Amino acid sequence: MLSNRAQVAASTPVKAPVSTRFKRLLKEIWSYRLSYLFIMPFMLCFIAFILIPVVAAVVLSFTYFNAIQAPTFIGWKNFQYLISQDLLFLKYALPNTFKFAVIVGPGGYIASFILAWLICQLPAKSRKWIALAMYTPSLTAGIAMSIVWLPLLSGDRIGYLNSFLLELGILDEPKLWVTDKAYLMNSMMVVTLWSSMGVGFLAMLAGILNVNPELYEAGRIDGMSSRLQEIWYITIPSMKPQMLFGAVMAIVSTFKAGAIGVELSGQNPTPQYAGHLIINHIDDYGFIRFEMGYAACVSVFLLIIMYLSNKLSWGLFGTKEDE
Amino acid sequence: MRSAVAKWKQAFRFKKKSKLNRMDGFQKILTVLLILMAAFMLLPIVYIFNHALKPYHELFIYPPNIFVREPSFSNFVELFLVATSSTVPVTRYLFNSIVISGLSVVSVVIVSALCAYPISKHRFPGHQAVFAMILLTLMFAPEAVQIPRYLVVSSLGIMNTYLGHILPIIAMPVGVFLMKQFMDQVPNELLEAARIDGASEFTTFLRIAMPICMPAVATVAILTFQSSWSNVETSTLFMQDDEMKNFPFFLTTLTNNLANNVARQGAAAAAAMVMFLPNLIIFLAFQSKVIATMAHSGIK
C-alpha cells in the first residue's frame, strides 16, 4: 500500500487535464487511506465539538434564536446592537476584558518569561524544585482555586489578608476584597496571575534550557557585556518557537478566564458588573436570558479578538521563511 | 585498586563542591529571592492543607492561624457525611469523576497519538491543512462557543451519559500538537526499517513510534487529567441528572456564597484538597517527562 506512494508522486506530470489530475488525486488519497483512518477518531470529535460549533456560532450570530422557536435570520442586527446599544457590554464587559487581558495576558507572559530565565540561572539541583513550586498553583485551576483564595480574601476580619493588614496597621477596617466592586477586579487579576505559570511557563523553561551554550560563548567573544544583551540577542531569538507557544497559551487562558469573578464573589452577575468579562456576557445571554443568537454574536466577537491577538504574537515571534 | 576508586570518588566530590562554590554573588541573591517567591506561590497551597485538617473550633478563631494546631479529619468526615444525607451521595460524584478522568486520559492519549502519527510521518494529501487547522484551534477557547456545543451535544443524544463528559474533551488540539511535535523527532529511517522487515503500519506505530514518544504520552495524559478532573463545564451544561455530575460540580454547590458565608468552609477545604492532591501527585511522578516534551513544543 505504501510502496505505490513513490510511483504516484513521481508520475505526477507538470500539466495535465483537470479530470486526470483529479483522478490522480483521488488515487493518491486512496493510497493513503490508512493515514486517514488514523486521524479519523480525532477529526470526528474535532469536527463535532470545535468546527461545527464555530460555524454554528457564526451562522447563529445572524439570527434571532431563543432555543424554543426556530432561528430567524435578522442580518447584522445583533452586531449593530452589540457595538452601539448594549450598555452592559460597552460599559462593563468590554473595558473589563480589556483591562483584565492587558494586565493578565502580557503581564503574566512577561512575568513567566522572567521567572523562567531567572530559574535557569540557578544551579541545576535547586532549579527543579523552584520550577515545581511556581507551577503548582496552576494545578489548582478551576473551582479549587476559589476555595483556596476565598478564606484568604474573605471580607470580615477573619479573612487572612484583612487580619494581616489590620495587624500591621495598614487598614483601619476590613475590606470586602471580593464583593466590593472597587477591589473585585484587582483580586481577580492577582489570583489569575498567581495561577498563570502553566504549560506556557514550562515550555519557555525548556526553551531557555535548550539554547545552545556555544552561542553564549560566541557572544562573549564578540564582546557582549551584560546578561540583558544576552537575553535580547541570543536567548529570545533562539527560542522564538517556544515563545510563540507560550504566547498562544497565555492568550487562550486569559480570554477563557471568566468564571473566576463569579466564583470569587459568589454572585452571578458579579457585584455591579465589576468583574463582568465577555465570557460572562455570553453566559448571561445564552443560559440566563436564552437569547442564543445574540450570545453567539458575542462569542464570534470574542473569537475575532482572540484571533487578532494571536496574529499579533505570530508577528512578533513567528519564524520567517528565511530563518 | 580500592584506593584508586576512593581517589576518584574524592575527586568527584571535590569537583561537585567547587561547582557549588563557584556560585557567584548574583546566583546567591537570586536563589534567596526565588525561594522567597516560591514560598509566596506555595502559601495558599500550604494553607489549604492546614485548613482541611483544622477542627471546627479552629476554623473561625481570631486572629486566624495559617498552621493547624490540633489536626483532625473531622472535615473529611463532614464532607462525606453531609453529602451522603443528600439525595446523591458524594461517593457517586467521586466515582463519576474517577471514571470520567480515567476514560478521558486513555482515549485522549490513543486518539491524539493516532492522529499525530500520520500528520508527522505520512505525506498524505491535506496533512498540512489538517495541521494548520489544529494550530489555528490551539489558540481558541472552546468556552467561547458553549452554546453551539450544547446544541451539538443535545442533538447527538449523549446528554446525561459518560460520553457527554468524555467526547468534548477528546477534541483537545494541544494534545495532538504536542504529540506531533515530539513525533517529528522519531527518525524516518527507523520506521522505514520496520516496514522493510514486514511490519504493518499499525505495528510500526505501536511498536516503534509509540515507545519513543512516551514522554509526550505522559505529558498529554497529565494535561488531560488536569482538564477533565477539574472540568465543571460538561456537568453544568450537558448533565441534567444529578447522578451523572462530577465531583468538581459538587464542589461548586458547596462553595456557593462562600464569600459571605463561613458555613461548610471546612468541608469545602477538604474537598479542595481531594481535587488538588491527585493533580500534584501525578505531576510530580511525571514532571521530568513534561519538561522533555515541552522542549519540542515550539511553534515554527
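This is a predicted model: local features need pLDDT of at least 70, side-chain atom pairs count only at pLDDT 80 or more; totals for chains, interfaces and linings use all residues.
**Entry 1. Domains**

I began with the division of each chain. Chain A is split into domain 1, residues 1-31, and domain 2, residues 87-317. I looked up the distance between the C-alpha centres of these two domains of chain A, and it is 49 Å. Chain B is likewise divided into domain 1 (2-72) and domain 2 (87-294).

I then examined where the two domains of chain B meet. Eight residues of domain 1 of chain B are in contact with eight residues of domain 2 of chain B. On the domain 1 side, the elements that contribute two or more residues are helix H2 (25-53) and helix H3 (56-59) of chain B. H2(B) supplies the largest share of that side, with four residues. By type, the residues of this side are six nonpolar, one polar and one charged.

**Entry 2. Chain B as a whole**

I recorded 15 helices and zero strands in chain B. Of its 300 residues, 43% are buried. Among the contacts in chain B with a separation of 6 or more, 74% are between residues 24 or more positions apart.

**Entry 3. Where the chains touch**

I looked up how many residues the two chains bring together: 87 residues of chain A are in contact with 81 residues of chain B. The largest share of the chain A side, 18 residues, comes from H3(A). That side consists of 64 nonpolar, 19 polar and four charged residues.

**Entry 4. The largest nonpolar core**

I noted that the largest nonpolar core has 162 residues. Those that touch the most other members are A:Met134, A:Val298, B:Met179 and B:Ala272. I followed up A:Met134. Apart from neighbours within four places in sequence, A:Met134 is in contact with A:Leu115, A:Met197 and A:Phe201, and also with B:Ala38 and B:Met41 of chain B. For background, I noted that nonpolar side chains tend to be buried together in soluble globular proteins.

**Entry 5. Helix H6 of chain B**

I turned to helix H6 of chain B, residues 127-138. Its 12 residues reach 17 Å from the first C-alpha to the last, close to the 16 Å expected at 1.5 Å a residue. Which residues of H6(B) are buried? I found B:Val130, B:Ile134 and B:Thr137. Viewed down the axis of H6(B), the buried residues fall within an arc of 70°, so they line one face of the helix. B:Gln128, B:Ala129 and B:Ala132 are exposed on the other side of H6(B). The cover over the buried residues of H6(B) includes helix H3 (33-60) of chain A, as well as helix H5 (90-121) and helix H9 (173-183) of chain B.

I checked B:Thr137 in detail. B:Thr137 counts as buried because 20 other C-beta atoms lie within 10 Å, and 20 or more is the condition for a buried residue. Not counting residues up to four places away in sequence, B:Thr137 touches A:Ile50 and B:Pro173. The C-alpha atoms of B:Thr137 and B:Ser227 are separated by 17 Å, and these residues are 90 apart along the chain.

**Entry 6. Helix H7 of chain B**

After H7(B) comes B:Gly157, whose phi is positive, near 75°.

**Entry 7. A residue in helix H12 of chain A**

Is A:Ile234 partly exposed or buried? A:Ile234 counts as partly exposed, with 17 C-beta neighbours inside 10 Å. A:Ile234 lies in helix H12 (residues 227-238) of chain A. Leaving aside neighbours within four places in sequence, A:Ile234 is in contact with A:Val211, A:Leu215, A:Tyr216 and A:Gly219.

**Entry 8. Positive phi values in chain A**

I noted first that most residues other than glycine have a negative phi. A:Tyr273 has a positive phi near 60° and is not a glycine. A:Tyr273 sits in the loop between helix H14 (259-265) and H15 of chain A. A:Phe290, also not a glycine, has a positive phi of about 55°. The loop between H15 and H16 of chain A holds A:Phe290. I found A:Tyr273 partly exposed, with 19 other C-beta atoms within 10 Å. A:Phe290 is partly exposed, with 14 other C-beta atoms within 10 Å.

Key
Residues are numbered from 1 along each chain as its sequence is written. Chains are lettered from A and ligands numbered from 1 in the order in which they are written. Domain bounds come from an automatic or database domain assignment. The expected span of a helix is 1.5 Å times one less than its number of residues. A residue is buried if 20 or more other C-beta atoms lie within 10 Å of its own, exposed if 12 or fewer, and partly exposed in between; C-beta atoms are placed from the backbone. The arc is that of the directions from the helix axis to the C-beta atoms. Two residues are in contact if their C-beta atoms, placed from the backbone, lie within 7 Å. Ala, Val, Leu, Ile, Met, Phe, Trp, Tyr, Cys and Pro count as nonpolar, Asp, Glu, Lys and Arg as charged, and the others, Gly among them, as polar. A nonpolar core is a set of buried Ala, Val, Leu, Ile, Met, Phe, Trp, Tyr and Cys residues joined through C-beta atoms within 7 Å.
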